[in-house]
Structures are given as structure tokens and as C-alpha cells.
Amino acid sequence: MTDNQTVISVLENGVLRLTLNRPDKLNSFNEDMHLALRAELERAHKDTSVRAILLTGAGRGFCAGQDLGDRDPRKGGEKPDLGHTLETFYNPTLRLMRDLEKPIVCAVNGVAAGAGANIAFACDIVFAAKSAKFIQAFSKIGLIPDAGGSWSLARIVGEPRAKALTLLAEPLLADQAADWGLIWKAVGDDALMSEATKTAEKLASGPTVGLGLTKRLIQAAASQDLDSHLDMERDCQRIAGHTEDYAEGVTAFLEKRAAVFKGE
Ligand code: LHQ
């Protein structure tokens, strides 16, 4: 276990559990937390013993987006370049999450606001505690939805709901988020971590290459036509068919036993 303060990282049973850890600020992002999360995601890319990721928050919140205390306008000075902040911190993290060919499970343990909500929506399988809520808080401070939110919301819930959520910045409860397909499941607060951990461990003992290719395919679907997509499925299935896990899966089926996948 390494505790680099702003992100607590534990690797257990193939699951890299990352806990955003600034609970007194509802785990809002400062520069240190940005860099720590990115370093952990880069590690997850490279380290073959990491076969799934579980992202959650410490304390009563999941993440309240950017730390607004970092740039106090009352102090005067030059106006900040927030485009630079996105380019330097958020966008590389969002791209890493999307390109990571290992499943990212998210356990939203409490309020997820601003970029915090959109980072949760960028995960692959999202559980939220029933008491959690998602707030597109940006319009309250004159900003636009970032961290991929204007893209993912429009695609997942459609324009009418995406516009209402972002323009009004009203809280969306976990049950409603599940009904709208923004997250996988809303679960009782007490069951959140055990359910999310069970799912992450199941994925971590799965055929990692095949799961990663599946993630790649699902993500590519909206941006290409069926013809191109069928070609992509062919190419990905070719890769999957060469894995040890495919051979093990079929052998286990024929021998009527549970498969033991190694992620190779
Ligand atoms: C916070 C924060 C916070 C600092 C709670 N910062 N301290 C990208 C590019 C560059 C710049 C700008 O941003 C972005 C992306 C973004 O994410 S913009 C959106 C930023 N986030 C927000 O606007 C949300 C601000 N927070 C809230 O509206 C509320 O805190 C929520 C609704 C999340 C929770 O409300 P409550 O449950 O009532 O908690 P609270 O407001 O009392 O917060 C608890 C503490 O956490 C409190 O500190 P204190 O010392 O008074 O106990 C807050 O000041 C602190 N905190 N969010 N983003």
C-alpha cells in the first residue's frame, strides 16, 4: 500500500483501488491530486498485475471537481487560463481512462460535482450509493461542463436532459442517474463498497485482453459505421483468439469446470 496523501492506492486481488483523499474539501482536485491520479492510471496501463481499477472517494463525498480555493479571484492578478488547466490536468486523465484497456469500476460514495461527476461518468461500470447525487455545478460559477461531460451527457441521456442538467445545475439523485443510464446501479449505502469490490474482483479475474478489446469496441461504436465496425470486430477477435485465456475458456467449457483466466 502506498499512501501519497491525495490518492490512496492499494493493489489487492488484481484490483488497483484508488481513493481520492482530500475529504475535508470533498476530494476536490488540486494539482497534487491531479498528478497522483494520473501517475496511478499510468501505472495501471503498464503493470500487468493490475487487471481492474476501482475508483472511489474518502469521507462523505466522491469528488467536488476542481478545488475552487486554488484560484481565489479576490486576490486579483491576471485572469486564469482555464483552457490550460484542462489541457494540462483533466484532459490527459480523461484520455488515459478511456485508453486504458482494463475495466474501471467506480464507487460513487457521496456527492459528485463538476468535473467530479464527469470523471465518474467516464468510468466503465459505475455504482453509486443511493444517497449520492451528481451535480453539473459548472453553470453556478459561469463555466461550461468539462472533463468530457458535455460529450458523455449528450450521448448518454440525449440533448433535452443534458441541457437541463447542465444549464440548471440541479442535483441528480443516484436512482435517477441509474434510470437514465448514466450509471450502472444505485445500491444501498452500506452495500456500495462490497458490491463495487466484488465486481472489480470479478473483472480482475477475467480474460483481461478480451475485456480490454471489448471496451475499445464499445467506445468506438458511436464514431464509425457498421461496415468499419465489423472490420474492427474481426481484428479484435483475431487478437482475442490468440490469447491463453481464450484457450483456457474453451478448455474449461469442454471439461465442464470453471475457467481460470490469467489475463494473458
Ligand atoms: C470545496 C469544494 C471545491 C474547494 C466543497 N473546492 N472546496 C476545471 C477547470 C479549471 C477550473 C475550474 O474548474 C474546472 C472543473 C470543475 O470542476 S468546475 C466545478 C467545481 N465544483 C463546484 O463548483 C462544486 C463546489 N461545491 C459545492 O457546490 C458543494 O460543496 C457541494 C454541492 C459539492 C456539496 O455541498 P455540501 O454537502 O453542502 O458541502 P459543503 O459545501 O459544506 O462542502 C464541504 C467542504 O468542502 C467545505 O469546506 P469547509 O471548510 O467550509 O468545511 C467546502 O468549502 C469544501 N468544498 N467543494 N470544489
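Helices, of at least four residues, and strands, of at least two, are DSSP runs numbered from the N terminus. The legends below concern a predicted model.

**Figure 1. The loop between strand E3 and helix H1, with Leu26 and Asn27.** Strand E3 covers residues 15–20 and helix H1 covers residues 31–46; Leu26 belongs to the loop between them. Although Leu26 is not a glycine, its phi is positive, at about 50°. Asn27 is also placed in the loop between E3 and H1. The phi of Asn27 is positive as well, at about 55°, and this residue is likewise not a glycine. Asn27 counts as buried because its relative accessibility is 0%, and buried means under 20% relative accessible area.

Figure 2. Helix H2 spans residues 82–99 and contains Thr93. With a relative accessible area of 3%, Thr93 is buried. When residues up to four places away in sequence are not counted, Thr93 touches Leu37, Arg38 and Leu41.

**Figure 3. The contact between domain 1 and domain 2.** The protein is divided into domain 1, residues 2–204, and domain 2, residues 208–254. Taken over C-alpha atoms, the centres of domain 1 and domain 2 are separated by 27 Å. Eleven residues from domain 1 and eight residues from domain 2 take part in the contact.

**Figure 4. The protein as a whole, as a setting for the close-up views.** Ten helices and eleven strands form the secondary structure of the protein. Along the principal axes, the C-alpha atoms fill a box of roughly 70 × 45 × 35 Å. The radius of gyration is 19 Å, which agrees with the value near 18 Å that a compact globule of 264 residues would have. Of the contacts in the protein with a separation of 6 or more, 67% are between residues 24 or more positions apart.

Figure 5. Of the 264 residues in the protein, 45% are buried. The protein exposes about 14000 Å², and carbon and sulfur atoms supply 54% of this area.

Key:
Residues are numbered from 1 along each chain as its sequence is written. This is a predicted model: local features need pLDDT of at least 70, side-chain atom pairs count only at pLDDT 80 or more; totals for chains, interfaces and linings use all residues. Side-chain values use heavy atoms; hydrogens and water are left out. The radius of gyration is taken over C-alpha atoms; the globule rule is 2.2 Å times the number of residues to the power 0.38. Buried means under 20% relative accessible area, exposed over 50%, partly exposed in between (1.4 Å probe, protein chains only). Contact means heavy atoms within 4.5 Å. Accessible areas come from the Shrake-Rupley method with a 1.4 Å probe; for residues, only the protein chains shown count as cover. Domain bounds come from an automatic or database domain assignment.
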